[in-house]
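Visitor: Please pick one part of this model and walk me through it up close. I'd like to know how it sits among its neighbours.

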Amino acid sequence: MKKLMMIAMALSTLAGCTTQADRLAKCEAQGVSRDACYLADQNRTSAINAAAEKQALENAANAVQHAQAVKVHDPMREASFSSNVVNATLSNGFFSATVNGKKATVKRINANFYEIRGNGFVISISLDENGITGASWNKTKGRDNGILQVTQK
């Protein structure tokens, strides 16, 4: 049954197709000379090819534009954070971090916000397309908190 449906779909798709000889015969049947019909058919073919080429160029330009729009500046560089209570580092594209010399975990909240958790601290980092714009720390227990000095490399 599937094969029969596929054959029927293929035939219905090809039903609208005509050969150059068919088109020339129809044109001549209307009383137009063979040379004029041939020229008209060549112009038709050229117009179809030109439209296809134009569309291909537009598609390519749109693809390039889309690729450029998708490209995002990478603000994730190595950085260190310091205050009188906590010292932290962030490196390897925001994949590895330390807090007061001990390994910590990095969590991406969204494109502009990350958190580092470790050694009893949560460090919140905000960034934009140019890099880190600010950082603060909170203790995981208690209400101690503060602002961190950022040094980005």
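Guide: Let's start with a pairing: alanine 88 has valine 99, in strand β3, as its bridge partner. Before going on, a word on the ground rules. This is a predicted model, with residues numbered from 1 along each chain as its sequence is written, and side-chain values use heavy atoms, leaving out hydrogens and water. Local features need pLDDT of at least 70, side-chain atom pairs count only at pLDDT 80 or more, and totals for chains, interfaces and linings use all residues.

So, β3 covers residues 96-99. Strands here are DSSP runs of E, at least two residues long, while helices are H or I runs of at least four, and both are numbered from the N terminus. On one side, β3 is joined by 4 bridges to β2 (residues 87-91), and the two run antiparallel; strands count as paired if DSSP finds at least two bridges between them. β2 and β3 make a hairpin with 4 residues between them, and asparagine 92 in that turn has a positive phi of about 55 degrees.

β3 also pairs with β4 (residues 102-110), again antiparallel, through 3 bridges. Here threonine 98 has lysine 103 as its bridge partner. This hairpin has 2 residues between the strands, and asparagine 100 takes a positive phi near 50 degrees.

Buried means under 20% relative accessible area, with a 1.4 Å probe and protein chains only.

Key:
Buried means under 20% relative accessible area, exposed over 50%, partly exposed in between (1.4 Å probe, protein chains only).
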